[in-house]
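Please open the structure in a viewer and keep the selection tool at hand.

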Amino acid sequence: MIASDHEQDHKPQTFNDHVMKTSSFSVNHWLDYIVRLFYIGKHSVRIFVIPLLSIMVGLLAWQGLTQTHADIILDFSNIPSPLHVYKSFLNVVVTKTYWKDIYWSLYRIALAFTIGSLVGVTVGVALGYSAILRLIIAPYIEIMRPIPAIAWVPMSILMWPTTEQSIVFITFLGAVFPIVLNTWDGVKRVPIELVKAARSLGANRISVLFHVVIPYAIPNITVGMALGMGAAWFALLAGEMISGRYGIGYFTWESYELIQYGNIIVGMLTIGILSSITSGAIYLIKRKIVPWSE
């Protein structure tokens with residue numbers, strides 16, 4: 001009887017302990033979830049919400065300036081509003097001409113940038129690795145590098161048999177010089193100790209070049225390629241606006257001549273988006289190839 005009473009007294013106590021432990025676990029679980037949600041939300045605010053608010057403020061300012069026809073330093077009386085640009089985009093995006101222009105611009109960029117990368121890396125390595133080649137090539141680089149792409153348009157038309165080839169050549173010139181200079185700088189930064197260590201292990205000059213110098217210079221090379229991509233878009237648009245028949249640059253210039261001001265901004269935004277995507281792709285490749293450089 002006493003044992004039975006003791007068991008009856010013990011069972012409720014065990015059940016209560018179980019309930020308290022379960023409740024404690026549940027509370028801790030939810031607290032942990034709330035804390036993690038808070039930190040995720042805080043991170044999301046920094047990455048997504050703040051840039052989104054910044055863009056919205058910019059669009060509201062743009063809308064206000066165009067509606068009031070503001071003329072403070074800049075004249076906004078003829079500038080289309082964001083809503084007008086959005087309507088222009090909806091009208092343009094369904095046409096084959098718009099996508100054809102994008103195709104031609106991307107094709108020219110891909111071709112010119114590929115050639116520019118091959119030439120730029122080769123010349124940059126030669127400038128940084130050979131004193132004799134540096135004395136021969138560097139003067140040409142320093143003279144031609146400051147010439148803007150638009151100044152090459154008349155000469156390229158005279159040099160090349162077709163307009164298409166001249167546009168690719170102008171785009172190539174925009175891409176090649178940043179790649180040359182950054183590759184040259186990367187090769188110059190190779191520590192002499194690494195070169196001496198490789199030579200002491202029996203590596204010849206060619207082996208040192210391919211196994212020490214170029215791998216060490218890859219971070220600089222990829223930065224030069226990203227900068228070259230941006231410069232290539234600038235050069236491409238100059239060529240397309242003046243001598244092209246297709247492409248986003250031609251689309252933008254033609255919109256100006258046809259007084260389609262909304263399409264001008266559509267073309268400008270398309271250029272900015274395409275340039276950002278292509279340059280960003282190079283930086284992503286860089287992070288995969290040389291993650292230690294970040």
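Which residue lies over the face of Trp-184? Select Trp-184 and then Lys-188: Lys-188 lies over the ring face, at 5.2 Å from the ring centre. A charge is taken to sit over a ring if NZ of Lys or CZ of Arg is within 6 Å of the ring centre and within 35 degrees of the ring normal. Next, select Tyr-129 and Arg-205, where the charged end of Arg-205 sits over the ring of Tyr-129, 4.4 Å from its centre.

The model is predicted, so local features need pLDDT of at least 70 and side-chain atom pairs count only at pLDDT 80 or more, while totals for chains, interfaces and linings use all residues. Residues are numbered from 1 along each chain as its sequence is written, and side-chain values use heavy atoms, with hydrogens and water left out.

**The whole chain**

Now display the protein chain as a cartoon. The protein chain has 10 helices and two strands, which are DSSP runs numbered from the N terminus (helices: H or I, at least four residues; strands: E, at least two). Along the sequence, their pattern reads α-β-β-α-α-α-α-α-α-α-α-α. Of the 294 residues, 34% count as buried; buried means under 20% relative accessible area, exposed over 50%, and partly exposed in between (1.4 Å probe, protein chains only).

**The largest core**

Select Tyr-98, Ile-109, Phe-113, Met-229 and Trp-233, the residues with the most contacts inside the largest nonpolar core, which has 22 residues. Such a core is a set of buried Ala, Val, Leu, Ile, Met, Phe, Trp, Tyr and Cys residues joined through side-chain atoms within 4.5 Å. Among the helices that each supply at least two residues of this core are helix 3 (96-129) and helix 10 (261-289). Helix 8 gives the most, with six residues. A second, separate core of 17 residues includes Leu-127, Ala-138, Val-153 and Leu-173.

**Tyr-98 and the aromatic pairs**

Return to Tyr-98. Is Tyr-98 buried or exposed? Tyr-98 counts as buried, at 4% relative accessibility. Leaving aside residues up to four places away in sequence, Tyr-98 touches Phe-89, Val-92, Val-93, Ile-248, Phe-251, Val-266 and Thr-270, a contact being heavy atoms within 4.5 Å.

The whole structure holds 10 aromatic pairs. Rings of Phe, Tyr and Trp (its six-membered ring) pair if their centres lie within 6.5 Å; planes under 30 degrees apart count as stacked, over 60 as edge-to-face and the rest as tilted. Trp-99 is partly exposed, with a relative accessible area of 47%.

Move on to Tyr-103 and Trp-104, whose ring centres are 5.8 Å apart with planes at 75°, so this pair is also edge-to-face. Trp-104 is partly exposed at 23% relative accessibility.

**Thr-278**

Finally, select Thr-278 in helix 10. Thr-278 is buried, with a relative accessible area of 17%. Which side chain does a polar contact join to that of Thr-278? The partner is Trp-233, at 3.1 Å; a polar contact is a pair of N or O atoms within 3.5 Å, where, within protein, one must be able to donate a hydrogen and the other to accept it, and residues adjacent in sequence count only if both atoms are side-chain atoms. A polar atom of the Thr-278 side chain also lies 3.0 Å from the backbone oxygen of Ser-275.
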